[in-house]
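Hi everyone, thanks for coming. Please open the viewer and have the sequence beside it while I talk.

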Amino acid sequence: MKTDSPATKKCRRFYGHGIPHVKLEELAGKLIVVEGADGSGRSTQIARLVDWLETSGHAAVQVGLKRSTLVSSELEKAQQGNILSRTTLSLFYATDFADQLGNIILPALKAGFIVLADRYIYTLMARDMVRGMDEVWLKNLYGIALEPDAVFYLEVEAEELVQRNLSKSATLDYWESGMDLGLSRDVFDSFLKYQNAMRATFRHLQKTYGFNIVDANRPVEFVTKELRKKIRAVLDGD
Amino acid sequence: MKTFAELNFPGRLIAVEGLDGSGKSTQIYLLKRWLEAEGIKVYFSEWNSSELVKSATSKAKKRQLLTPTTFSLIHATDFADRYERHLLPLLRAGYVVLCDRYVFTAFARDVTRGCPPDWVRGLYSFAAQPDLTFFFKADLKVSLNRILEGRPKLKFFEAGMDLRLSADPYESFRIFQGRILEQYMAMSSEFNFIVMDANQNVEKQQSLVRKTVGEKINLSKFKRRLPLPLPPAARPEDKSKEAEEDVAA
């Protein structure tokens, strides 16, 4: 069982101005975020965590980027055509995030659910920062975000990511290779450069946001074990 | 916030702001016609009109899906798309760009909806200040009547119904517009609004607009080197669509 005594609970807060008209003290559930590149094992770990949480009697709900009812289809279209400039794309993603925050995450937390987020604002910020956008602007933009109860960044070497992505789909994704940046015309080189830049940016953001960096080069079971242990501590309200 | 002139852009940006029903769209349309006739390179851009974002916005508005935060963000997305794809290149190329509503619409509306002012201004901090901003100030009653007489069916967000100000859409609209007007007036001097008396007749206002533009902007610098044929007049069906969407928030 969860212990929800306010005295032991970490103080709820938004990173910045937050969302208007939200009562933070009503958000009884927990928000757990898993971050990492494609091929870091994010989805696998989240599926395993949901399994484990539900078996233990917790109600869990999953959210992820580009899944809002509001703009997900338009966002998909824009990305396929690669027609939006960077500020626009950035704000479009922020709209998608804000929609899910307001309509899924906050209501679920209010209802006492454990919300598992398959990526959160950190990926969005890192992508934009790698593309040269202003960090101060991004921090203001994502000041709407609720501070999670725990954030895990699944860190994997870029070379290992290449292997995992190729063995899964025999190709490297255009965006996950940062091909829009013109780092290299060769998708393989571009992927390595882009993923290394992303990792460096995550390390930089970690200093501000203090999330857990998890070595996800290891086999799945090892990572699951570490995540469970840390999440259990959060649920026990340490 | 620096103007495009201060940022050494070759082009100039003129914006009109005001409540729904203040007559600002008529005025900027007439300004556009004059500039075109003078052979000036001119481009007109309207709030909430970027093709891609529009489909999301109209869907969201119909289904009443928007929170103050997503309302604000989706309009910022629309603005950014127009700003980066149209306004900036045109201003680099020495155009006179006319905007029916600019960031001040967001500053006034989103704050009225409860978004923190600093946050909203931060969102739009990538945008430079217009070289001229005309604010059309009509008596609240006059603009309300213009809207309420002509189009008796108010849309949900347009009436500010999401703010739960009143169960009656007309009453809600009145309160909402009044609050937006207060926000506009509060930023008027900060952003050098040229406040126009929108209770005057159309011709008087327009001649003042043209005079002001002529005085503040050296228009001879913005003429086309080779005259182009005037663009064809908007088709009638397009016009009615524009009029319908003018008020849409």
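This is a predicted model: local features need pLDDT of at least 70, side-chain atom pairs count only at pLDDT 80 or more; totals for chains, interfaces and linings use all residues.

Residues are numbered from 1 along each chain as its sequence is written, with chains lettered from A and ligands numbered from 1 in the order in which they are written.

Let's start with chain A. It has eight helices and five strands; helices are DSSP runs of H or I with at least four residues, strands are runs of E with at least two, and both are numbered from the N terminus. Along the sequence the pattern reads β-α-β-α-α-β-α-α-β-α-α-β-α.

How do the strands of chain A line up? They form an open sheet in the order β2-β3-β1-β4-β5, with parallel pairing; strands pair if DSSP finds at least two bridges between them. At the edges sit β2 (60-64) and β5 (212-215) of chain A, each pairing on one side only. Strand β4 (residues 150-155) of chain A runs parallel to β5(A), joined to it by four bridges.

Helix α1 (residues 42-55) of chain A lies across β1 (30-36), β2, β3 (114-118) and β4 of chain A, at about 170 degrees to β3(A). For that angle, axes are lines fitted to C-alpha atoms, for helices over the stretch in contact, and angles run from 0 to 180 degrees between N-to-C directions. Contact means C-beta atoms, placed from the backbone, within 7 Å.

Now the core. The largest nonpolar core has 125 residues, and L101(A), I105(A), V115(A) and L116(A) touch the most other members. Members are buried Ala, Val, Leu, Ile, Met, Phe, Trp, Tyr and Cys residues joined through C-beta atoms within 7 Å, and buried means 20 or more other C-beta atoms within 10 Å of a residue's own. Helix α3 (residues 86-110) of chain A gives the most to this core, 12 residues.

Finally, the two chains together. Here 26 residues of chain B are in contact with 26 residues of chain A. On chain B, α2 (51-62), α3 (68-92) and α5 (117-123) each supply at least two residues of the side touching chain A, and the largest share, 11 residues, comes from α3(B).

Thanks, I'm happy to take questions!

Terms used:
Two residues are in contact if their C-beta atoms, placed from the backbone, lie within 7 Å. A residue is buried if 20 or more other C-beta atoms lie within 10 Å of its own, exposed if 12 or fewer, and partly exposed in between; C-beta atoms are placed from the backbone.
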